[in-house]
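Hello,

Here is the structure I promised to pass on. Have a look at it first, and then read on for what turned up.

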Amino acid sequence: MDTGPAGLGLAADDKSSSSPAEAFSRWSFTVSRRFQHFLDKSTPHLLYRWLGCLGVALIYALRVYLVEGFYIVSYGLGIYILNLLIGFLSPQVDPEMHDSSDGPSLPTRGSDEFRPFVRRLPEFKFWYSITKAFCIAFVMTFFSAFDVPVFWPILLFYWIVLFIMTMRRQISHMIKYKYVPFSIGKQRYDGRKRRSSSTDGTSD
């Protein structure tokens with residue numbers, strides 16, 4: 001076994017060549033772990049999270065207003081947010097794609113058992129995706145390659161029309177399958193009728 005100066009030199013070369021990659025891997029792992037820890041701690045603070053998202057959106061809007069450009073980036077950002085909104089308002093199990101016998105469905109009658117609304121896109125992922133999208137769009141405003149000259153009123157008008165049509169279809173879907181994309185506590189159906197019938201029975 002070679003333990004001379006040549007062998008020690010090869011071992012030192014291998015160690016020095018692998019140390020930068022290992023250091024970068026350790027650094028990236030530490031940063032990702034701390035970032036994930038920060039996200040986990042921010043989960044219950046819903047109001048502060050959305051206020052922070054609003055602040056990021058205002059900073060981006062101010063940036064676009066001052067530079068008077070990057071309207072195509074804003075249009076793409078608006079389309080992406082609209083897609084996220086559809087996922088946030090849609091149920092996890094689409095009633096059009098699944099039969100009620102295949103699994104849990106949305107309650108459609110007053111006698112049905114209360115089930116909380118389960119979104120296709122959870123609130124935390126909805127917030128995180130919007131905030132990340134605004135951050136990426138903000139960084140893109142510093143590169144002139146993304147500043148494509150367009151007539152922004154046409155893009156704004158087209159986005160508004162697309163938003164109205166999409167929301168109209170989503171509301172029609174809610175009305176058709178009788179669900180509301182928000183769960184506020186546990187609801188009790190026919191409570192007054194049950195109470196009145198029980199009191200009538202005891203009085204007899």
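Phe124 is in contact with Leu39, Ser42, Thr43 and Arg49, leaving aside its neighbours within four places in sequence. Please keep in mind that this is a predicted model.

Ser42 belongs to helix α1, which covers residues 5-42. With a relative accessibility of 9%, Ser42 counts as buried. Beyond residues up to four places away in sequence, Ser42 touches Arg49 and Trp127 as well as Phe124.

Now to how the helices pack. Helix α2 (residues 46-67) meets helix α4 (residues 123-140) at an angle of about 25°, and their axes are 9 Å apart. Angles under 35 degrees count as roughly parallel, so α2 and α4 fall in that class. The crossing of α2 over α4 is left-handed. On the α2 side the contact includes Leu46, Arg49, Trp50 and Cys53, and on the α4 side Glu123, Phe124, Phe126 and Trp127 are among the residues involved. Sorted by class, this contact has 15 nonpolar, one polar and three charged residues.

There is a second pair to show you. Helix α3 (residues 71-89) and helix α5 (residues 152-177) pack at about 5°, with 10 Å between their axes, and are therefore roughly parallel to each other. Among the residues making this contact are Tyr71, Ile72, Tyr75 and Gly78 from α3, and Trp152, Leu155, Tyr158 and Trp159 from α5. The contact of α3 with α5 divides into 16 nonpolar and three polar residues, with no charged ones.

Finally, a word on the annotation. The unreviewed UniProt entry gives "transmembrane region" for residues 46-66, 72-90 and 150-167. For residues 150-167, the chain is 89% helix and 0% strand, with 26 Å between the end C-alpha atoms.

Enjoy looking through it, and do write back with any thoughts.

Best wishes

Methods. Residues numbered from 1 in each chain as written. Predicted model: local features only at pLDDT ≥ 70, side-chain atom pairs only at ≥ 80, totals over all residues. Heavy atoms only, no water. Axes fitted to C-alpha atoms, helices over the stretch in contact; angles between N-to-C directions. Helix = DSSP H or I, 4+ residues; strand = E, 2+ residues; numbered from the N terminus. Parallel < 35°, antiparallel > 145°, perpendicular 65-115°, else oblique. Left-handed = near helix turned anticlockwise from the far one by under 90°. Contact = heavy atoms within 4.5 Å. Nonpolar A, V, L, I, M, F, W, Y, C, P; charged D, E, K, R; others polar. UniProt positions renumbered as here; feature names shortened; annotations may be inferred. Buried < 20%, exposed > 50% of the residue type's maximum accessible area, 1.4 Å probe, protein only.
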